[in-house]
Amino acid sequence: MDKTRQFTKTISLKKYGINHDNFNYQLSADELHAVTLEKGLGVEASSGTLAINTGEFTGRSPKDRFIVKDAITKDKIWWGDINIPFDPDAFDKLHDKVISYLNEKELYVRDCYACADINYRMNIRVINEYPWSNMFAYNMFIRPTSEELKNFDPEWTVINAPGFMAVADVDGTRQHNFAILNFTKKIALIGGTGYTGEIKKGIFSALNFILPVQKNTLPMHCSANVGKDGDTAIFFGLSGTGKTTLSTDPTRKLIGDDEHGWNNENAVFNFEGGCYAKVINLSGENEPEIFGAIKKGAILENVVMDGEGEVDFSDISITQNTRVSYPLYHIENIKQPSIGHNPKNIFFLTADAFGVLPPISKLTPNQAAYHFISGYTAKVAGTEAGVVEPQPSFSACFGAPFMPLHPTEYAEMLSKKMKDAGVNVWLVNTGWTGGPYGVGTRMKLKYTRAMIHAALNGDLGSYSYDTYHIHSVFGVAQPRFCPGVPTEVLSPRTTWNDDEKYYKTAFKLSNAFRKNFEKFESYASEEIRRGGPQRYAF
Ligand code: ATP
Ligand code: MN
């Protein structure tokens, strides 16, 4: 194939222990797309989009995510099931083995950045075994200009060897796959898994340690966009709650869909240069912007196609977590650079499968702190017939798997910033209405969008008895009216048509909140504790 490079610079990988020159540096997305097809590692959908399978893993593997415990990290990390310690010597041995493995392979290498704000920039060199993983890095990280590339000095290295299998007993891992962060060596070492999300979330986790500890900046698992008047909105939420969907809004400029920092110069900045959207049940009608971004340059993951290369977005036979990555410029209305002013509105998105939280409610500052530390969403039940019980899922800061510090450190920073900036905080239930999962239905996307627009436009007014109702169980302020939304939809109790069942389920959720918060009680002030649900069933 034509190896005309976008950039002509040559580099050596000797300092990484890679002794050959059989690597492709800074290939363009088109070149990586072509190489992937040439090597039979992917196929092309009818839209011209590259489609690949990530292999054994179609999602992240949180139990195989480690942090090297050393002088930098030992006293600062919140060690436990989420941040699992890894021995520095074991890291060195495993690292050597991965490098020996990569010495036998043709490689794909690229230099890129994280953080749109130049003052926080992290220079990254990504070394991949597969061309499509390197194209993912092109899509998701910030792309340096050829000028910037001339003097590029890589700081962090992502070493990504999906085909390398660890031997747990020998290597100190849990099983054959691993994602290990080493803050002293500035390496994210990923092996045994081809899931691309590990690459972006590896760097995200590194920034979630570096920014607060070294730069006094708050990292956030949220999406962000900005309105015509320059008003920034950010959307926190766990996976599947709507960060990507709701921030991709034709009436507002997209800043980013997943990872942002909030600095002390009153700005919110994207860490990334692309989006990573779920495509399960995606339709051009409901989500035209994301649908339109799926074209040459994007990468579809683990989707199923017919003989003509037509993607069936409803087919979840490989995984429910079908995805597409694309560079930000695949979306028409984007903010450039990916930086916005202090947020005016913060949305906490939750997909409440119990169907008891109001579709939108306004939070006091203490309620905001309580809900941020709790990080509630719900997982729907398994797909077996008859199982309709949702599972509550709490993940502190709406992103615990990526947060190396104790959750209250992020919560304190956020509370202070929210106070200083005087933001409005809203809790949005993008989950179920009219009953729990299995009985009710998912909230209509057009209603959620209308509620968010109403909040952003100031149409929900300020708090008064006429405009808001205080929810008797959760204590949050539920608007009585919202343009574009039938009034009964605003009250979850009304949509159930069965008060007894509604309150029974609401208490089930308030109890789950209380139980989850127990581990944070000694850290939280009395005011924040009172920001939780008002009533519990005993
Ligand atoms: P991740 O952190 O994994 O990237 P995310 O928060 O970005 O997750 P989305 O990719 O936006 O989540 O997923 C939300 C999914 O829920 C989409 O498939 C979207 O179509 C669907 N959905 C259905 N109803 C709604 C709603 N009312 N609001 C938001 N999303 C909805
Ligand atoms: Mn997303």
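Q: Which residues does His221 touch, not counting residues up to four places away in sequence?
A: In this predicted model, His221 touches Lys201, Phe204, Phe235, Phe236, Gly237, Lys243, Asp258, Phe398, Gly399, Phe402 and Met403, with residues up to four places away in sequence left out of the list.

Q: And is His221 buried or exposed?
A: His221 has a relative accessible area of 3%, and because buried means under 20%, His221 counts as buried.

Q: Where does His221 sit in the fold?
A: His221 is placed in the loop between strand 11, which covers 218-220, and strand 12, which covers 222-226.

Q: What joins the side chains of His221 and Asp258?
A: Their side chains are joined by a polar contact of 3.2 Å.

Q: OK, on to Asp258, where is that one found?
A: Asp258 lies in the loop between strand 14 (253-256) and strand 15 (260-262), and at 7% relative accessibility Asp258 counts as buried.

Q: What is Asp258 in contact with, leaving aside its neighbours within four places in sequence?
A: Asp258 is in contact with Lys200, Lys201, Met220, His221, Cys222, Ser223, Lys243 and Glu272; with Lys201, the side chain of Asp258 also forms a polar contact of 2.6 Å.

Q: Changing topic, which residues does the UniProt annotation "binding site" cover?
A: According to the UniProt record, an unreviewed entry, the "binding site" annotation covers Lys201, His221 and Asp258.

Q: Why can those be said to gather at one spot?
A: Although they span 58 residues in sequence, no two of their C-alpha atoms are more than 10.2 Å apart, so they gather at one spot.

Definitions and conventions
Residues numbered from 1 in each chain as written. Chains lettered and ligands numbered in written order. Predicted model: local features only at pLDDT ≥ 70, side-chain atom pairs only at ≥ 80, totals over all residues. Heavy atoms only, no water. UniProt positions renumbered as here; feature names shortened; annotations may be inferred. Helix = DSSP H or I, 4+ residues; strand = E, 2+ residues; numbered from the N terminus. Buried < 20%, exposed > 50% of the residue type's maximum accessible area, 1.4 Å probe, protein only. Contact = heavy atoms within 4.5 Å. Polar contact = N/O pair within 3.5 Å; in protein donor to acceptor, adjacent residues only side chain to side chain.
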